[in-house]
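Today I'm looking up salt bridges.

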Amino acid sequence: MIGIYGLGGIGMTTIITALRNKISNQFPSISFLTNVSEESIKDSDILKLQQQLIDDTLAIRGQLTLKNIHEGVKGIKDRLSSKRVLVFLDDIDDSRQLEHLVGKHSWFGHGSRIIITSRKKYLLTAHGVDCMYEVDKLNKEEALQLVCSYAFKQLFPGKGYEDLSNQVVRYVDGLPLALNVLGSLLFRKGVKAWKSELKKLEEVPNMEITNVLEISYDGLDDMHKRIFLDIACFLKGSDVEATTTVLDGFGFNAESGINALVDRCFISISKEVIKMHDLLSQMGKEIVYKECPSKPGERSRLLRYMEVYRVLTRNTVRL
């Protein structure tokens, strides 16, 4: 079993789709299960995925009709334990999905490959995958080529758009989803429209990008959400030890919370410094702003100097 993990929008689905196209002819039986997190909310949803897995990998569709998930587990083990299969599970977000779809290596025949993507590294670790691969963001050259492929239908900027294209690359910081969204948005737009969109993005994040990132945020518990917002708003780029001290001072179990955010790809730690993608940081600030757009004193955190000054001098802070 191989686990692939990373931030939402980093391109995991694109990677395994390309992998399927490259190696599928090496396996007699293949199943590609997409959007597993969305398609397995209830037991009946997991049952449908079990049925699809069996139907995809058996020579004749409909050989076995499953009635419940326990029967599904038995059916997968009985029918596929002697078959060499290639199975992709895209976007796993709960251990039950793994337990009922690809529970053990012995469920599948010798030489099988099970490839799993998830935004939650700890699920892959707990399931005992054989190796894991973290999808990194694109470098500047790759990012520029990707955004240009959408904005100009070529791998380099149009004449007069060189600086603007590089501004997009710096803003997006290597996230493929955002490069896709913004490149498509700016396709056939003039220089004035590019400048206007970039100016807007400094204040208001693109909702199509934010909606994808917020899926992971919504899955956090309350304490981890609060720690995430504190890091996004104030502590990004801080020393781990100093951050832990600050968070512990507010009654958090900081070490546990930081580890949870690392496992969910919200932050990384490099040379004892907390790193967070710029778009995640911007999303966190936008979440705080939306708590009460018209009354800064009603928000959980204050980010701008003038807002802090006005709230304190007018005594409008929320207690």
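This is a predicted model: local features need pLDDT of at least 70, side-chain atom pairs count only at pLDDT 80 or more; totals for chains, interfaces and linings use all residues.

Below are my entries on the salt bridges, pair by pair.

Residues are numbered from 1 along each chain as its sequence is written, and side-chain values use heavy atoms, with hydrogens and water left out.

Count: I took a salt bridge as a side-chain nitrogen of Lys or Arg within 4 Å of a carboxyl oxygen of Asp or Glu. That rule gave me 8 salt bridges.

Entry one: I found Lys74 paired with Asp78 at 2.7 Å, N to O. Both sit in helix 4 (residues 69–80), 4 residues apart, so about one helical turn separates them. Helices here are DSSP runs of H or I, at least four residues, and strands are E runs of at least two, numbered from the N terminus. For accessibility I use buried for under 20% relative accessible area, exposed for over 50% and partly exposed in between (1.4 Å probe, protein chains only). Asp78 is partly exposed at 47%, and Lys74 is exposed at 51%.

Entry two: Lys137 bridges to Asp173, with the closest N and O atoms 2.9 Å apart. Lys137 lies in the loop between strand 5 (131–134) and helix 7 (140–151), and Asp173 in the loop between helix 8 (162–172) and helix 9 (176–185), so this pair ties together parts 36 residues apart in sequence.
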